[in-house]
Amino acid sequence: MTYHNKFTNIALSFLLSSFFVGCGENRDILEATDENLSDVTTQYLTATTLPTLHRLPVLQDEDTNVSDAQETYTLSANRDVNVTIETPEGSWITPMWRYNSSTLPVVIRAKRGDVMRLNFHNKLASESTIHWHGFKIPADMDGGPDVPVAPNTSKTYTFTMQQPAAPLWFHPHPDMQTGKQVYMGLAGVYILEDAITKRLEDTKQIPSGERDTILLVQDRRFSGTKDDVRRELLYMNRAQDSDGMIGDTILVNGSVLPKQEVSNTKQRYRLYNVSNARNYDFALSDGKKFTVIGTDGGLLKNPVEVDHIVLGPAERVEIVIDFSSYSVGDKVMLLSKDMRDAMMNDDMMHGGMGRMGGMSNMFAASESSNLNIMRFDITKEESEDITLYSELPQGAEIVSRIPESSADNVGNEREFLMSMDMDSMGDMQMHFVINGKSFKADRVDEFVDAGATEIWSITNKSPMAHPFHAHAIQYQILTRNGIPASGVDLGWKDTFLVQPGETVRVIGEFDGEINRGDYMYHCHILEHEDAGMMGYFRVGNSGNLDTLFPDVVQQP
Ligand code: C2O
Ligand code: CU
Ligand code: CU
């Protein structure tokens with residue numbers, strides 16, 4: 001991959017986009033503000049041809065006994081599934097790769113404490129795996145690149161889920177092919193439920209059932225034009241893509257700009273950014289506030305009211321939108337706001353070129369204008385019966401903050417430095433690296449004691465934001481640039497954006513029983529991960545890599 005060339009391209013497109021910001025006229029077209037919606041947003045607010053939002057299909061427990069503590073599922077990764085992509089301007093067919101040949105991404109709903117048995121069949125032409133993103137499970141079940149499933153072979157994943165209810169997910173994680181396989185359509189939703197959430201639902205403290213909707217947001221690029229009946233997914237076909245695949249078409253549950261008909265009540269959304277590289281800054285088109293009730297790893301102790309929320313790749317939130325102030329017939333759009341609002345630093349705003357040698361806060365040019373994501377149509381009058389919880393009950397793990405003093409590495413925090421490097425692969429090209437290193441399949445980079453509680457400190461000295469993710473654990477964020485976490489940052493996180501120049505400190509407990517073996521940490525921009533912005537960490541004394549590479553794996 002030619003990072004060098006690509007880098008020049010990005011810097012150039014960035015310069016062009018900042019040039020346009022300076023011109024008053026263009027600015028109005030590019031950016032909708034709360035008072036001044038863009039023409040496009042206004043147009044979609046009144047359009048009559050928006051496709052209806054798909055509800056994602058839920059897999060059924062196959063062991064015939066739905067009430068026991070066992071759940072059995074089958075997932076097969078298939079190619080060449082013809083998927084109809086519906087848009088406000090008509091539809092087309094795109095061949096995708098899908099689990100179980102389902103035209104839509106599938107959902108597994110499971111209960112905390114249950115044992116899951118999942119039979120995976122790889123029907124692709126290349127190696128694949130299923131990685132359980134956000135799960136606290138043993139490394140040999142975690143679906144990392146060290147446990148590949150060869151084409152036309154199968155693997156059974158089995159584990160017990162012992163963690164709070166959360167919007168988790170799963171996706172392939174094969175060596176250097178993760179971005180491609182996810183992009184082609186392989187990703188699924190895993191909703192974990194528990195007694196606390198169930199009680200909150202039963203006592204009408206959070207919306208559930210029909211008023212609980214999964215929203216999977218993914219950007220894609222298609223061949224041809226909207227008039228073609230068949231359009232292929234295009235992946236990494238432009239020089240600047242190697243910085244992360246940014247598509248020009250946003251799919252929500254597989255459709256472009258869908259609408260959902262809702263009643264004038266509180267509605268719960270599990271909002272997933274499962275894009276390869278794109279960040280979103282979600283907001284309502286009228287600027288109304290909504291409430292974040294949960295993050296990657298579970299519900300927040302206290303719901304947090306916001307008027308926008310930034311999600312990097314792989315981040316999720318649960319939100320509640322209260323439509324009670326709307327009348328039947330009203331419509332409101334979900335937007336992703338101009339990312340410069342959320343990510344631009346001050347010197348950039350004031351015409352400087354930023355603190356990182358003129359390249360700070362690079363982002364794709366397409367992140368620099370408002371994006372229309374979907375529309376909510378208020379079509380039904382219904383009486384409200386939800387009074388949102390204000391504080392989670394005591395039994396919820398998130399209620400107690402993990403004290404810094406309880407970490408086993410106080411004063412010796414584990415550091416991860418994300419930077420751009422010329423030399424890490426010896427090819428004289430630019431690579432994003434962690435601690436100066438590119439991924440090596442036979443190297444364990446970090447060694448963690450079984451059962452340890454650790455503080456990890458992640459610093460980004462590169463010119464773009466990176467979503468840091470580690471397997472096996474849910475963290476609590478301690479500080480960002482020394483400032484104590486607050487608001488939405490108080491939730492369980494398995495992935496978090498680290499902005500250029502930022503240091504994020506997190507604390508997490510590795511489960512002494514469950515977490516054993518070799519796991520990954522990496523940037524969740526999938527193209528960065530595939531290009532080596534990733535490493536292994538070992539929990540406990542041994543791992544799968546010892547068997548694979550007996551002579552090479554470094555010991556501490
Ligand atoms: Cu979604 Cu290695 O992770
Ligand atoms: Cu993961
Ligand atoms: Cu990255």
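Arg220 lies over the face of Tyr183, 4.5 Å from the ring centre. The charged end of Lys288 sits over the ring of Tyr326, at 4.4 Å from its centre. A charge counts as sitting over a ring if NZ of Lys or CZ of Arg is within 6 Å of the ring centre and within 35 degrees of the ring normal. The model is predicted, so local features need pLDDT of at least 70 and side-chain atom pairs count only at pLDDT 80 or more, whereas totals for chains, interfaces and linings use all residues. Residues are numbered from 1 along each chain as its sequence is written, chains are lettered from A and ligands numbered from 1 in the order in which they are written, and side-chain values use heavy atoms, with hydrogens and water left out.

Because His131 belongs to strand E5 (residues 131–133) and His469 to strand E25 (residues 466–470), the pair ties together parts that are 338 residues apart in sequence. Strands (E, at least two residues) are DSSP runs, numbered from the N terminus. His131 is buried, at a relative accessible area of 1%, and His469 is buried at 0%; buried means under 20% relative accessible area (1.4 Å probe, protein chains only).

His466 is buried at 0% relative accessibility, and Cys523 is buried at 0%.

The structure holds 27 aromatic pairs. The ring centres of Trp132 and Phe159 are 5.4 Å apart with planes at 65°, so the pair is edge-to-face. Rings of Phe, Tyr and Trp (its six-membered ring) pair if their centres lie within 6.5 Å, and planes over 60 degrees apart count as edge-to-face. Trp132 is buried at 0% relative accessible area, and Phe159 is buried at 4%. Trp132 and Tyr190 have ring centres 6.0 Å apart and planes at 90°, so this pair is edge-to-face. Phe416, Trp456, Phe468, Tyr475, Phe496, Phe510, Tyr519, Tyr521 and Phe537 form one aromatic cluster.

Note on methods. Helix = DSSP H or I, 4+ residues; strand = E, 2+ residues; numbered from the N terminus. Buried < 20%, exposed > 50% of the residue type's maximum accessible area, 1.4 Å probe, protein only. Phe/Tyr/Trp six-rings, centres within 6.5 Å; stacked < 30°, edge-to-face > 60°.
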